[in-house]
Every structure is written in C-alpha cells, then in structure tokens.
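Trainee: I've got a structure to go through and a few things to ask about it. Can we take it piece by piece?

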Amino acid sequence: MSAAPLPKRLESLLEESRNWQAPPPVETISSGIPEIDIATGGLPRGGLTEIFGPLSSGRMSLLLSILAEATARGEVCALVDAEDVFDPCSAAAAGVRLDRLLWVRCQHSAEQALKAADLLVQGGGFGLVAMDLGETSLRAAWRISLASWFRLRRAVEHTPTALVTVARQSNAGTCASLQLECMRQRTDWSGVRGVSRLLRGVETRVASMQKAAQKSKICLPVFTAAAI
Amino acid sequence: MFACLYGSGDLTALASEFSPVVERSAPGAVTLDASGLDRLFGFPQSIAAAIARRAAEYGLDIRIALAANPDAAIAAARGLAGISIVPQGDEAKFLGMLPVALLDPSPELRETLDRWGIRCFRDLALLPPLGIAERLGAEGLRLRELALGQAVRKLLPVEEPLRFESELELEYPVELLESLAFLLARLLNGLATRLATRALATNELHLRLKLENRETHESGLRFPVPSLDTKAFLKLLQLDLEAHPPAAAVVHVWMGVNPVKPQAAQSGLFAPLAPEPVALKLTIERVKAIAGEDRVGSPELLDTHRPGAFRMTEFTGGGKGGACPTQACLTKTSSIRLALRRFRPPLQAQVSLASDHPGFVAAKDIRGKVLDYAGPWRMSGDWWTTYSWWREEWDVALAGGELYRLYREPGGWFVEGGYD
C-alpha cells in the first residue's frame, strides 16, 4: 500500500465522523405521481405539504392519489373534510382503501377542521392526515391565523405523519415544508358535441416550492387526471 | 401458612387479590392459603401488613391472623384484635386464653363444658384425650384438637363467577361532571386492579347512574382491544357523559366491566404505521365531540346505482396488518382519476337551455356561461321501491374553466359537484 492515499483515507474517515451528528435526511412518502416525486423528492413526513390552486385544477385528484398510495402501503390515513364534499366513490375509483381512511365530515367550518386535524396529529399513529379546505371560501381561509398553522406544524414535527392541506390559495406560508401549486392546463374532451361528447380528463401542471430550497421551480411533467 | 381475615365487607374480593384459594370459613371470616406469599412479601408480619394496607384502601376494618393451619388462624382472628401471627409449634400456648365459645361447640357440649368449668382453650387442651373420647365422643376430640391448634385440614375454596362490578352510594347528589369524574376514577382504578390481579383486561364497560329524579342513566363503552388503560377509559367516559349528560344530579354510581384475556400480539418490525387502538378510539371520540357523533368514521359504498350512496361505519383502523407490496400494486390503479367534490346537499341551480343543452348556469357561488358540455346521461333506479329516482346528468365547463356535474330531476336542476 502506498503512503499517499493514507492521509486521504484518514481525512475521509474524519469527515465521516464529523458528519455523524448531522440531522438525518427527511423521510418522504410518494405522491403516487412519479413526475412529482422526482421533482420534489416526495412529501415530507413530519412536515406540512400545501396543495393549492383554483377550482377544477386537479388538487383533489392529487390528494386522492396520495391517499391511495398511503393506504395501499397499509398506513392508516385521516381526511378532515371542512366542507363535507369528499366523494367516497371517486376515492374508491382512485384506489383509496376506504377501510383505512378515517373521514371527518366537518359542518362547513374551517375552525372545526383545524381542531380535528390538530387532535388527529396529536393522537399519533396516522401515516397521513389530510385537511381539505378546497371548497372553503377565500375569506374564511384567510381568517385562519398564522398561529394555528404554526401550531399544526409544531404538532406534526418529529412525527412520522405527513400533513397535507388542500386549499384555493396558499394559507400556511412559511409553515409549509412543501407547497404544490396546481394549475389547470387543458380539459380533454372527446367525441362530437351533443352526440358522443365525453369528459376525458384534466391536464394539470404543478409548481412546487420547497422550504429547504426556498426557491420555486416548475415541475414539467404534468399529470392528467382521467375522468374515464 | 394460612391467613384469616375477620370483619365485615367484601373480604372474599380482598382475599382473592392475595391468593387463588379462598375459603368462606364462617360468617365474617375468610381464610386464604398464604403459602408462597413469603416469596413476595417476606416475613409473615410483612404479609399481614400488606393485607392490612389493601384492606385500608378498600375501606375495611378487619382483624388478620396468620398460622400454620387454617383453624388456628380462624380462632386467632376471631379472638384477637389487630394483626396476630400464631407461632408454629406454640399454637396451644398462643391461643390458650381464648374462650371455648369461639370453637362453636353444640349447645349440649357447651353446657357440659360449662359445668366442668372449662372456659378457655387451655382448659380444654389439658383434658386427657381418652377421657374426652369416652365422655364427649368425636366432637369433643375435634374441639380439643382445635384448642391445641393442631387440626389439619384442607381449605374448601369458593368458586365465584368472575364478576367485576363496583358501586358507590353518594352521600349527596353530584351535579358537576368534573366531580363525578373523581368518583368514576376511583371505581375504575379498583376494577382495573382486580382485573390486573387475575391477569385479565376488559373490552366493555357499563356505567349506570341513579339520578336524583329517580331515573336511571345508562351508558356503555366498547374498546377495540382488551385493555387496562384507566386514563383512556376515564377520558372516554367523560367524553360520553359530556355528549350525553345525565338529566339530573347523580346519587348512585354502578360500574361493571367485562373480563377478557388481555391482547397478546406482537406487532411486526416492518408493519406499517398504525395508531394504538385505545388511543385511536380516544382520538375519534374527541373528534366526534367537535364534528358530531355521526360525522366521523369510515365510508362504505353501498351496493346501488344511486349516485353518491354510502354509509358511515365505525373506523377500526383497517383491520390487521398492512398490505404486502403485491397487494398494494393490485389496489392502486395505474392512472390518476379525476375526483368529484360532491356538494351536500346539491346546489339548486337556474339553468338556461340553449338548443336542449345547458347554456348558462347560476347557483350559489357558481355563475357562468357553459363553454363545453357532455351529456345528457340518463339514469334511474329503485323503481321497484317507493324511493325510485330518475335524472339526467351533464358535465359542463364554465367560462372560468371550472368543471361541474349538473343533473336534472323532477325537482329541477342541481349542481351535484365540481370536478377537481
């Protein structure tokens, strides 16, 4: 063995010993859409992921894909539905195992939804807790104080639960570890109007922003949510 | 080694906490087989002290005696106050001053002994056995053996059905739930200790409250798995009482639990994340207190063509274990499905038709010209029942790009939901 590589080996060993106290990498879960997973690295466990965008932009389809992926892994999930708009038929069609999904139907109240989500996160043991504010009015969503979002973030921190919210606009701000903005690109129809016209699906483009990177980037793979 | 407890109250329950072999020897006297307790507590004095401590927790004022044979222990407990330890081999000397009446002789024998001037155990023990046999027969000999503290026999253990119930008569009516919680905690802890001493747990709890207005308030809790988590039980009871409060102040509390074997299951090292069952039940009850009793659970699709038909079922965490990777692949569909957000109730809409198809839609928070549409899809069902239904469905894209599902039925036009 030559003498030259020894210092380098020693240095590399020291480097390793210096980094052993570094925080472990953030564990992530799959969204069920490979393009988004590649672009974002997945949805962080112990963090808040915010999905937002206008109506009919594929937000719920993305959430159902995340739920389907989590329940298929055998994890227990919870959906806090602020406006009671969740459709179990759509979820079953998307592959969500309904027996592993706890559905909380709030009485059109964002405040109730926040309290329920907080309790579920504090209760522990859920792989994913989702809060759907997608039909909540902009004014009601804005009324949620930043302190509430901080509380939620603190509750989910250092837990193996991934917290996902769906809304019309970004509400959590800096509390979100990952933000995914859905933008409707195109609506696909087929057939002749009035005769054999069919809604085929919606093409959605996702812009993501990670708290760690503090920069926005467009994930160009686009996903298509198929109606049929 | 045998121990005798003498006094009033539920002595059998107390004795059963220390030994599985318990005999109801006489009214107010319970004897237990204390052999082996020395390995737990040490000297006989320590055993007696442990029993006395537990009796104090029960609120019982009892006499305790330990001896090498059951009858000596019974005699000592009945005749001597406090704690008595009868030394092995010196039973006759220790019990000598006790009155003969403690041996429960027959009235004729008692009269004879009185006439002879036999007042205490020592007097009887000093009599020659042959003379006793000639004059008093077998019963006389048995009494002499008892007086000497040398009678050897086996205990006749009681076989009681396992009933775990506890009740509390209140001196004054309790109105506040917080105050009631303290009493419930006391009953719960007592029952949990009794279950734990028999290596049992519970999966069902019943509560019966007698109220000041002579009515009875009953409630029951079922747990997903057998448990002894009294803190969780108490919180669940509190949540239940907050959701369904008693109509009047409480004057009597009765609580019973169903004894079952505790859950003995080891979760897998690679098992997926799942909430602990009792904690999950507690969390669900807390969420129910916020959202409503019937608004939390797991959705179950119904076997019908009626759109959006489902029912809520109790959420149990999806049964046992997780899905294997192959199952996961089978469950997950390959493509992303467009989801519908279903408005409950559907929004009544004003729809202007343009050559037989929707041209303009106006409903609560929805308004726009229809740019594209698909339909109508005609559906009907349940025509063989009184709940028959019929509708025409349309998928429409409004000017803002939003996609909605409209339907028309005899009652008019409705927006069923929005695609998202």
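Trainee: Where does A:H108 sit in chain A?
Mentor: Start with how it's all labelled: residues count from 1 along each chain as its sequence is written, and chains are lettered from A, ligands numbered from 1, in the order written. This is a predicted model, where local features need pLDDT of at least 70, side-chain atom pairs count only at pLDDT 80 or more, and totals for chains, interfaces and linings use all residues. Helices (H or I, at least four residues) and strands (E, at least two) are DSSP runs, numbered from the N terminus. On that numbering, A:H108 is in the loop between strand 5 and helix 5 (110–123) of chain A.

Trainee: Is A:H108 buried, partly exposed or exposed?
Mentor: Its backbone is worth a look too, as phi of A:H108 is near 50 degrees, a positive value in a residue other than glycine. For burial, C-beta atoms are placed from the backbone: 20 or more others within 10 Å means buried, 12 or fewer means exposed, and in between is partly exposed. A:H108 has 16 C-beta neighbours inside 10 Å, so the label is partly exposed.

Trainee: Which residue in the turn between strand 7 and strand 8 of chain B has a positive phi?
Mentor: Strand 7 (residues 201–211) and strand 8 (residues 216–227) of chain B run antiparallel and are joined by eight bridges; two strands pair if DSSP finds at least two bridges between them. B:H206 stands opposite B:G220 of strand 8. The two strands form a hairpin with four residues between them, and the turn residue with a positive phi of about 70 degrees is B:R214.

Trainee: How many strands make up the closed barrel in chain B?
Mentor: The barrel runs 13-14-15-16-17-18, with antiparallel pairing. Within it, strand 15 and strand 16 of chain B are joined by nine bridges, and B:D372 stands opposite B:A397 in strand 16. Strand 13 of chain B also holds B:P345, which a cis peptide bond joins to B:R344, with omega about -5 degrees. The strand count for the closed barrel is six.

Trainee: Which element of chain B gives the most to the side that touches chain A?
Mentor: Contact here means C-beta atoms, placed from the backbone, within 7 Å. The contact takes 56 residues from chain B and 65 residues from chain A. With seven residues, the biggest contributor on the chain B side is helix 11 of chain B.

Notes: Contact = placed C-beta atoms within 7 Å.
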